[in-house]
Amino acid sequence: MKNFKSRCFAAGLGCVAVLAASAFAITPNPNLSIGKNLYVGGAVNTNWKPEVFTDGHLDFNQVASASDFALNVGEGPTKLFITWETRGDEAWVGDQYVHAASCQHNPKADASLQNFKVMTSANSTNGVDGDWETVAEVGESGAMSRGLAIDFAGKSWFRIVAENPVTNLEEIGAYDMSNGGNDTWFFMGTSISQMGIKSIEVDSSFAQLIHARYPDYYPVMLRGGIGCVNTDGVIDGLQFYSEYAGNVKYWAIEMGTNDAWGDETGWNVEHFKSNMQDIIDVAKRNGATPIIARMIATNPDVAKWQVHQGYLDAIDELTEKNGLPKGPDFFGYFSKHPEELSTSDGVHPAEKGAASMHRLWAEAMAPLYEGGDVGGVSGGEPNTEGSSSGEGDPEAIAPKAVSVYAAVPKVSVSGNSIAVSGVKASAQVTVMDLMGHTVANRDLASGHYLVIIRDKGMSYSAKVTVK
């Protein structure tokens, strides 16, 4: 279903009405768990500050063992999407689910939440007492990160009761899905994502960056990186990807480094491309929109090899052929910033590189949160010059603007600052970077900016690029 957004900017004598339509537009699902206390066995957990288990950060604060835990998210929502994150092996699942040829991932059985039921209550006071209704039951589940939609009408608590305790429970989330929210993301990947998206703690994750820029949104993040996995391993384990992440709307895919490793001539490109097409097809059959990052560049001075161009071309061709939103260009960015890669292998992200991965995903996906198509992303930078029409492709509908009659401000770039004309002296002009940070309108670095102009009876925004 298309999502339509309308905006009317009044300026002087005129008004511009804009209709944005995109098959990829996102419906928000507010985060209800931020700052809530985690209850374990009927008491507020005191391993550490109890709210760290719902703060959205994976910062190694863990409940050592829990088989009965709950959150009070309050009354109002009729449907929730609940998530959990555990630690055992850092990989998303073990070898019995997805085989990774040259790494061993054998987490203990109690490292993942398995054989449990989800219950809800309207009158509990501590996560144990009161009346409870079972709304879901889950058997074997080998994933360290997973989400589940549950009915919640008339309730205020949800509770998970497992057959056996899970160790190293790290994060619990709850999101309001009452309005059909679909802001749910599964980060499928290799050790690049295992490290960059999960095991390296960053100040601001993809979800937090998006929320800072678009306060109505707070993406659900399920982290699915597996060290050493290549596309053959993913293909063999697609049933588990479908089972554990088939209810997630967006599959943010980082794949190919292990397929390309040591391939100086591109002999494996077509096989990689075929596997990726199968992954795309399975994602779509599950109702998910796959989005593929251009694989990370190596630091050839350290790694002694570089990704063959054929793999990058294959990702570009798959994105175009399947009418997919364009993902971040990790290759373009890390080619220019090899210092953000590990000094030991020149392939994996260092701490700063992990932060850049989150930021690059957020920048590339930002247009989705404006109701538009994601297109033209290259060189690790977002396209803010507008989207081109995906004629004949129902999944690539670009925003359309209909001018009624207009007299709007003129926004232009003058050197390293932004000039605004055609407005009254009383108008307030704010310049923001694409992550929502207000910046001084002088000595601007090269990049993309949002200009917001407000005055009595007038509100206008424009995107500009400083070169």
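A residue counts as buried when its relative accessible area is under 20%, and as partly exposed when the value lies between that and 50%. With that in hand, let's walk through the charged pairs of this predicted model.

Side chains of opposite charge can pair when their charged atoms come close.

Start with Arg 294, which forms a salt bridge with Asp 316; their closest N and O atoms are 3.0 Å apart. Arg 294 sits in the loop between strand E14 (289–292) and helix H7 (300–303), while Asp 316 belongs to helix H8, so this pair ties together parts that are 22 residues apart in sequence. Arg 294 has a relative accessible area of 15%, so it is buried.

Glu 317 pairs with Lys 273 in a salt bridge whose closest N and O atoms are 2.4 Å apart. Because Glu 317 lies in helix H8 (residues 309–321) and Lys 273 in helix H6 (residues 269–285), the bridge ties together parts that are 44 residues apart in sequence. Glu 317 is partly exposed, at 40%, and Lys 273 is also partly exposed, at 21%.

Now look at Glu 133, which forms a salt bridge with Lys 155, with 3.3 Å between the closest N and O atoms. Glu 133 is in strand E8 (residues 133–138), and Lys 155 is in the loop between strand E9 (145–151) and strand E10 (157–176). Here Lys 155 is buried, at 17%, whereas Glu 133 is partly exposed, at 41%.

Finally, find Glu 85, Lys 198 and Arg 223, which are linked in a network of salt bridges.

Technical notes. Residues numbered from 1 in each chain as written. Predicted model: local features only at pLDDT ≥ 70, side-chain atom pairs only at ≥ 80, totals over all residues. Heavy atoms only, no water. Salt bridge = Lys/Arg side-chain N within 4 Å of Asp/Glu carboxyl O. Helix = DSSP H or I, 4+ residues; strand = E, 2+ residues; numbered from the N terminus. Buried < 20%, exposed > 50% of the residue type's maximum accessible area, 1.4 Å probe, protein only.
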